[in-house]
Amino acid sequence: MSDPNDASARLAALRASYVTHLTARLAELQAGLDTLLHTGWNPELARTVHRLVHGLTGSGATFGFDNLSQAAHALEQLLKAAIRADAIPDDTWPDTATRALEDLTRTIQAAIAAPVASSRHGHG
């Protein structure tokens, strides 16, 4: 049988690594969405930004950052609607997407600032 403390230590290390990469992932996401919003519709870029957000939706939940996952999911759904329409759906979409990105940014910043050793399964 494996030592549960060893497994917990490995999980904590993986979680710490995940958190250290969040800043770069957020910067990439912000740059992509900013370009999409300010240079016009680009289906390839929209799919790239969607993949980035989709990755955060799943990985946030995997590492116990449920708020991050939920915030990413909101932006992911907006991008999915735009991709389906093959255009920015309406005049409110840019503001809605910007607010969703701001919410995700705040959530990521909170995850970065949180103690790495905590998890949703821990007792604080």
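This is a short walk through one protein model, from the overall fold down to a few residues.

The model is predicted, so local features are given only at pLDDT of at least 70 and side-chain atom pairs only at pLDDT 80 or more, while totals for chains, interfaces and linings use all residues. Residues are numbered from 1 along each chain as its sequence is written, and side-chain values use heavy atoms, with hydrogens and water left out.

I'll start with the whole chain. The protein has four helices and zero strands, in the order α-α-α-α along the sequence. Helices here are DSSP runs of H or I of at least four residues, strands are runs of E of at least two, and both are numbered from the N terminus. Along the principal axes, the C-alpha atoms fill a box of roughly 55 × 25 × 20 Å.

There are 124 residues, and 32% of them count as buried. Buried means under 20% relative accessible area, exposed means over 50%, and partly exposed is in between, with a 1.4 Å probe and protein chains only. The protein exposes about 7,300 Å², with 56% of that supplied by carbon and sulfur atoms. Those areas come from the Shrake-Rupley method with a 1.4 Å probe, and for residues only the protein chains shown count as cover.

On contacts, meaning heavy atoms within 4.5 Å: among those between residues at least 6 apart in sequence, 71% join residues at least 24 apart.

Next, helix α1. It covers residues 4-39, and its 36 residues should span 52 Å at 1.5 Å a residue; the end C-alpha atoms are 51 Å apart, which agrees. The expected span is 1.5 Å times one less than the number of residues. Helix α1 also bends by about 35° at Leu-22, the bend being the angle between axes fitted to the seven residues ending there and the seven starting there.

Which residues of α1 are buried? They are Arg-15, Tyr-18, Val-19, Leu-22, Leu-26, Leu-29, Gly-32, Leu-33 and Leu-36. An α-helix has 3.6 residues a turn, so residues three or four places apart point the same way. What do the buried residues of α1 pack against? Their partners are α2 (43-62), α3 (66-85) and α4. Just after α1, Gly-40 takes a positive phi of about 100°.

Now some single residues in the other helices. Thr-105 sits in α4, residues 93-113, and counts as buried because its relative accessibility is 12%. Not counting residues up to four places away in sequence, Thr-105 touches Leu-26 and Gln-30. Leu-26 is one of the buried residues of α1.

Ser-69 is in helix α3. Its relative accessible area is 10%, so Ser-69 is buried. Leaving aside neighbours within four places in sequence, the contacts of Ser-69 are Leu-56, Thr-57, Gly-60 and Ala-61.

His-54 belongs to helix α2. At a relative accessible area of 45%, His-54 is partly exposed. His-54 and Pro-94 are 40 residues apart along the chain, and their C-alpha atoms are separated by 19 Å.

Last, a loop residue. Where is Asp-86? It lies in the loop between α3 and α4, and is partly exposed, with a relative accessible area of 45%. Most residues other than glycine have a negative phi. Asp-86 is not a glycine, yet has a positive phi of about 55°.
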